[in-house]
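Please read the points below with the sequence and the structure open beside you.

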Amino acid sequence: MNRLQKLAEIKELPGFRVGVTDRISVGDTDLSGIIYFDRYYPRAEVGFIEFARQAGASIREMFDERFVTPTVSSRCDYFSSVTVDDLLRQVTFIAHSGNSSQTSAHHFLKEDGTQAATVQIVRAVVDAETRRKASIRQVLEETPDSNLAKVLRARLLS
């Protein structure tokens with residue numbers, strides 16, 4: 001998996017994207033006072049949940065649907081240090097849709113606009129009952145009104 005481009009390097013941002021802002025606490029940092037790498041992942045999940053909500057989906061209901069999207073791969077890249085009390089803004093969008101997976105991109109920016117980090121998360125589409133891979137097309141055709149279908153279609157709104 002290649003390094004995710006910095007937000008400023010992306011020529012054309014998708015039209016459907018969301019932003020989430022939060023502040024770094026002492027519990028987010030390691031002994032150097034810099035944010036610990038694993039603290040970006042819960043923030044990325046918050047960004048994805050907000051993305052799903054703004055796409056019209058209910059995360060709570062997604063857990064009970066026929067198709068689910070377990071995370072199968074993730075990556076975090078750093079560009080600039082973030083420390084206690086820094087305000088961090090996240091920009092989230094779907095960077096790639098494959099046949100049976102979707103990749104969300106999470107760009108973390110400091111108050112001055114400096115890119116601090118990127119996280120990319122690949123979620124596979126799986127039939128919850130059989131635990132077998134399913135295609136995005138199958139979800140859209142067989143469960144067009146599902147919450148997952150709303151999230152999958154969100155990239156098409158761009």
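1. The model is predicted. Begin with helix α4 (residues 147-154), which gives 3 residues to the lining of the largest cavity, the largest share. The volume of this cavity is about 30 Å³, and the structure holds 1 cavity of 30 Å³ or more. In general, rolling a probe the size of a water molecule over the atoms shows where empty space is left.

2. Which residues line the largest cavity? They are Phe48, Thr69, Gln102, Arg123, Val125, Leu148, Val151 and Leu152. By kind, the lining has 5 nonpolar residues, 2 polar ones and 1 charged one.

3. Next come the charged pairs. Side chains of opposite charge can pair when their charged atoms come close. The count of salt bridges in this model is 11.

4. One of the salt bridges joins the side chains of Arg43 and Asp22, at 2.8 Å from N to O. The two residues are 21 apart and belong to distant parts of the chain: Arg43 is in helix α1 (residues 40-54), Asp22 in strand β1 (residues 18-23).

5. Arg23 forms a salt bridge with Asp85, and their closest N and O atoms are 3.9 Å apart. Arg23 lies in strand β1 and Asp85 in the loop between β3 and β4 (87-97), so this pair ties together parts that are 62 residues apart in sequence. Both partners are partly exposed: Arg23 has a relative accessible area of 42%, and Asp85 has one of 47%.

6. Glu50 and Arg53 also form a salt bridge, with 3.6 Å between the closest N and O atoms. These two residues are 3 apart in helix α1, so about one helical turn separates them. Glu50 counts as partly exposed at 23% relative accessibility, while Arg53 is exposed at 52%.

7. Tyr36, Phe37 and Tyr78 make a nonpolar surface patch of about 290 Å². Of these residues, Tyr78 sits in strand β3 (residues 71-78). The relative accessible area of Tyr78 is 42%, so Tyr78 is classed as partly exposed.

Terms used: Residues are numbered from 1 along each chain as its sequence is written. This is a predicted model: local features need pLDDT of at least 70, side-chain atom pairs count only at pLDDT 80 or more; totals for chains, interfaces and linings use all residues. Side-chain values use heavy atoms; hydrogens and water are left out. Patches are made of residues with over 30% relative accessible area and no salt bridge: like charges are joined within 9 Å, nonpolar side chains (Val, Leu, Ile, Met, Phe, Trp, Tyr) within 5 Å. Accessible areas come from the Shrake-Rupley method with a 1.4 Å probe; for residues, only the protein chains shown count as cover. A salt bridge is a side-chain nitrogen of Lys or Arg within 4 Å of a carboxyl oxygen of Asp or Glu. Helices (H or I, at least four residues) and strands (E, at least two) are DSSP runs, numbered from the N terminus. Buried means under 20% relative accessible area, exposed over 50%, partly exposed in between (1.4 Å probe, protein chains only). On a 1 Å grid over the protein atoms alone, a cavity is a set of points where a 1.4 Å probe fits but cannot get out, and a pocket is an open set with protein on both sides within 12 Å along at least five of seven lines; lining residues have an atom within 4 Å of a point. Grid points are joined across faces, edges and corners, and a volume is the space filled by probe spheres set on the points. Ala, Val, Leu, Ile, Met, Phe, Trp, Tyr, Cys and Pro count as nonpolar, Asp, Glu, Lys and Arg as charged, and the others, Gly among them, as polar.
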